[in-house]
Amino acid sequence: AAHVFATYLRLGVEHILLGYDHLLFVLALVLFVRHWKRLLVTATAFTAAHSITLSLAALGVVHVPVPPVEALIALSILLLAVEVLQARDDPARSSGLRPASLAFCFGLLHGLGFASALADIGLPQHEIPLALLSFNVGVEIGQVAFIAALLAIGWLARGLAAQPRRLAYTAVTYAIGGMAAFWTIERV
């Protein structure tokens with residue numbers, strides 16, 4: 001059991017830190033949610049949602065083809081980038097969804113993506129619940145580490161004048177959206 005826990009914990013951390021699409025989604029969430037307490041709630045909503053669909057798919061309760069899921073994950077990143085820009089320019093133009101609600105909805109989709117990666121790895125038949133739990137914990141550890149690094153970079157950037165910060169914010173958001181648009185087209 002200890003070996004299964006350690007192995008799937010490591011695989012969860014690796015999956016999030018090597019999954020560029022998931023990292024871009026988390027980066028967009030950090031740009032979208034400015035206050036750290038709301039960010040914590042938003043990240044938790046994303047984790048809860050992807051844990052649900054990951055478990056359902058890994059246990060065979062839900063069967064969804066991988067290619068459409070991957071295309072929709074890319075589209076979710078693009079939509080979040082648009083939301084980030086709209087909320088920055090004019091909060092009234094944004095969808096009005098709370099960040100945690102948006103993260104939960106998109107997290108359900110991302111969990112199906114995590115499940116496809118986990119299906120490639122395989123689950124030990126004698127320790128499925130433990131493997132699922134440790135993989136999810138690993139994903140969360142990787143996600144929290146990435147968020148902490150982003151917050152540290154943001155804290156260091158506080159010393160910059162407002163205009164360069166705004167320019168960097170806009171450039172990063174457009175880069176996220178551009179990459180997500182490319183992935184969406186590529187995956188369709």
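Reply: F25 is buried, with a relative accessible area of 0%. This value, like the others here, comes from a predicted model. F25 belongs to helix 2, which covers residues 20-32.

A pair of aromatic rings is described by the distance of the centres and the angle of the planes. In the whole structure, a search finds two aromatic pairs. One of them joins F25 to F106, with 6.0 Å from centre to centre and 75° between the planes. That angle makes the pair edge-to-face, because planes over 60 degrees apart are counted that way. F106 sits in helix 5 (residues 99-121), 81 residues from F25, so the pair links distant parts of the chain. F106 is also buried, because its relative accessible area of 15% is under the 20% limit. Ring pairs bring F46 in as well, giving a cluster of F25, F46 and F106.

Helix 5 also holds H110. This histidine is buried, at a relative accessible area of 0%. Among the residues that H110 touches are F25 and F46, both members of the ring cluster.

For contrast, consider V61, in the loop between helix 3 (36-58) and helix 4 (66-89). V61 is exposed because its relative accessible area of 58% is over 50%. Together with I52, L56, L59 and F104, V61 makes a nonpolar surface patch of about 430 Å².

Note on methods. Residues are numbered from 1 along each chain as its sequence is written. This is a predicted model: local features need pLDDT of at least 70, side-chain atom pairs count only at pLDDT 80 or more; totals for chains, interfaces and linings use all residues. Side-chain values use heavy atoms; hydrogens and water are left out. Patches are made of residues with over 30% relative accessible area and no salt bridge: like charges are joined within 9 Å, nonpolar side chains (Val, Leu, Ile, Met, Phe, Trp, Tyr) within 5 Å. Accessible areas come from the Shrake-Rupley method with a 1.4 Å probe; for residues, only the protein chains shown count as cover. A salt bridge is a side-chain nitrogen of Lys or Arg within 4 Å of a carboxyl oxygen of Asp or Glu. Helices (H or I, at least four residues) and strands (E, at least two) are DSSP runs, numbered from the N terminus. Buried means under 20% relative accessible area, exposed over 50%, partly exposed in between (1.4 Å probe, protein chains only). Rings of Phe, Tyr and Trp (its six-membered ring) pair if their centres lie within 6.5 Å; planes under 30 degrees apart count as stacked, over 60 as edge-to-face and the rest as tilted. Contact means heavy atoms within 4.5 Å. Lists of a residue's contacts leave out its neighbours within four places in sequence.
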